[in-house]
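Hi everyone, thanks for coming along. Let me put the structure up so that we can walk through it together.

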Amino acid sequence: MPTAIEFFKFLPKKNCGKCGFPTCLAFAMQLANSKAKLADCPYVSDEAKAKLEASSAPPIRLVSIGAGSNKVEIGDETELYRHDKKFFHQTRYAIVISDRAADKEIAAKLRRAADLRFERVGQMLAVDMLGVRNDSGDAARFASVVARVARESALPLVLMSPDAAAVRAEASAANLSRPLIYAADESNWEALAAAAKELRFPLAVRHADLNGLAALVEKVHASGVEDMVLDLCPEGLQQVVERNTIVRKNAVKRTFRGLGYPIITNACGNGQAVLMAMVSTMKYGGIVLMDDLDPAHALPLFTLRQNIYTDPQVPLQVKAGLYPINNPGESSPVLFTTNFSLTYFTVAADIEKSRMPAWLLVVDAEGLSVMTAYSAGKLTAESVAEAMRSSGALEKSRREMLIIPGMLARMSGKLQELVGVKIIVGPRESSGISKMLRSL
Amino acid sequence: MVDVPIPKEKWSGKIGTVALGASAEVGGATGMPFLSYEGLGRRQLLAGEIIDDPSLLTELAVRKFGDAVKDPVEWAKRWASDLGADLVCLKLRSTNPEGMDASPEDAARTVVDVIKAVSVPVIVYGCGQEEKDAKTMEAVSNACAGERIILGQAEETAYKTISAAAMANRHALIAFSNLDINLAKQMNILLADFGVKLDNVLMDPLMACLGMGLEYSYSVNERIRIAALMGDRMLQAPMLCDVTSSWEAREATEENALWGEAGERGAWWEATTGLAALVSGAEILIVRSPEAMGILREAIDGLRGGQ
């Protein structure tokens, strides 16, 4: 990204205000922060625009596949480590169907893909894409399987065929919405690139050697294809880490710009497919192709992705409300904590471990931990009292008792006044909850 | 011909090494995890967990051991001989004053028996109750003088007794901190000031498990690794991560027809936590289930490219 001064050089310095900012310098500063668009200035020459846009292009191209609400977007990443800012476009998982599979098998895979959906802390975790692989070598068979998959599922598609004629036939027959073509290599790139350009479909480009891949990408780009996805052909986990890191780091550090595209990893037929998907998820993967996915593997894989792609600045939150733990009844006590997921998980696990029935009241503190929320004024006696009322805690528990986090001892007087039940100051550390519950 | 540069970082520091017995050693990497062009270091190691009071264990995790869970020595042999664990990790939960309240001497005898039964290095933890652990670990260390064992754990509020014992008996020591790079560093400074040599220290930054804050640990680990490679001596101790808490996550083992077989899912839950720990910089993992250990061994083989 150019600096504000670099932008400023190309501006008219008229301070006309047509861009919406009072001065050209103010506009330049907004441009450098990606908060304004160069097109908003009517005076910048096309030549300057082209120059600036080239140097402000994202290090990794954003590529979208599919359409509508199921559209997936990958790429446009700027970081090597999530703690530096965040990872933006999460890794996508595709289940691949062979066009040689029997109809029953295809139906089973479609059902499997549709069933792999889990709701977790307010987000839906699911399979994102379907691939159809032209194993039959028969264009008509390929076309009929693709048409069926497109009819029965709204997920974006990956057309896996080395044969440009098959891909073209497919596109004209089934009215597909922007599938990914997989994949151009040294032998077929001219025909596939021509098809991709004409159909305006994104194209995967494959080469087992990074230098060879860069050369191929250059050729495909020169032929007019902009939206590419790279297959680095890793054979094992180490190659996933190494090659993905080389490509990502070169792009974001601008040490080499020719491979600034998202990465696709084909784990089909690999005995370590699940591990490959997991490593890709942590290490810069855009799409992972898999033959199949057992739900027992899918849930940990999807959860890993959710964790890694969490914005470090915006903590995951759990829903505020009253949570029953260990089958509590009217005689069970109420404890409260905040809706910061890590705090909630820790407290809930410690109550579970005690094997004592209890009600856990989760108070909305904007996802902050207890002490942080309290210090920031996001967790007050009033907000706790309100949560007690609105959650129905006082009806569900008749114990007339509220256990509060040890670090909030100061809150007890005010809280007692507001809620009218006995306040017990709990332990400062969640690990002490078990002992305290058993001693009540 | 296009030449894609290999963006090798010029790190000024490296991960320290710690001897874990006559022949085993961990650490020594000179780059970020599993980048062979930056320098891999020693192989990452897997420790099999043994608990001398297994009454609170999730059965699914240890079903493969059958009755061996009732006998720490048998359990240790299964890990070391049948399952190829690189180390065993004995947690002396029996010493918990609120539970069986076994004496430090009894617990130390168990440790000695386990050491005699297996040839792999042994990690030993107390029960998690500070005052009792100080007594237990002192007794354990003294009973194992002459053996190279690894003592867990030194914490900010409780490190003097265990450190003194470790120094007297030449044992390695685990420095525990709670999900915070500054605390991790502080812990190592405290130990160094107390006289513990850093080549006897493993650091445990607390691995939060999958779905329960894993991302915090992942980033803390990465930041520790980067700081170590940038030359911060007080963060160069090899990292140890205990991933057994994965079995406490509800989604790991809850029966649900749409979630696949619970045992398989639980093993993968633990293995996924372990994989994230490895990729973010862990050198030793403490693992509960044999299935998870199998997956993780395969993962280490793959991540090291057979080296």
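I'll talk about the interface and then a surface patch.

A quick word on the basis: this is a predicted model, where local features need pLDDT of at least 70, side-chain atom pairs count only at pLDDT 80 or more, and totals for chains, interfaces and linings use all residues. Residues are numbered from 1 along each chain as its sequence is written, chains are lettered from A and ligands numbered from 1 in the order written, and side-chain values use heavy atoms, leaving out hydrogens and water.

So, how much do chain A and chain B bury between them? About 4,600 Å², with 66% of it on carbon and sulfur atoms; buried area is the accessible area (1.4 Å probe) that two parts lose on being put together, summed over both. Chain A brings 50 residues to the contact and chain B brings 53, where contact means heavy atoms within 4.5 Å.

The interface of chain A and chain B also has 3 salt bridges, meaning a side-chain nitrogen of Lys or Arg within 4 Å of a carboxyl oxygen of Asp or Glu. Here is a salt bridge to look at: Lys249(A) with Glu9(B), at 2.4 Å from N to O.

Now the patch. Ile5(A), Leu25(A) and Met29(A) make a nonpolar surface patch with about 280 Å² of accessible area together. Patch residues have over 30% relative accessible area and no salt bridge; like charges are joined within 9 Å, nonpolar side chains (Val, Leu, Ile, Met, Phe, Trp, Tyr) within 5 Å. Areas come from the Shrake-Rupley method with a 1.4 Å probe, and for residues only the protein chains shown count as cover.

Met29(A) counts as partly exposed because its relative accessibility is 45%, between buried (under 20%) and exposed (over 50%), with a 1.4 Å probe and protein chains only.
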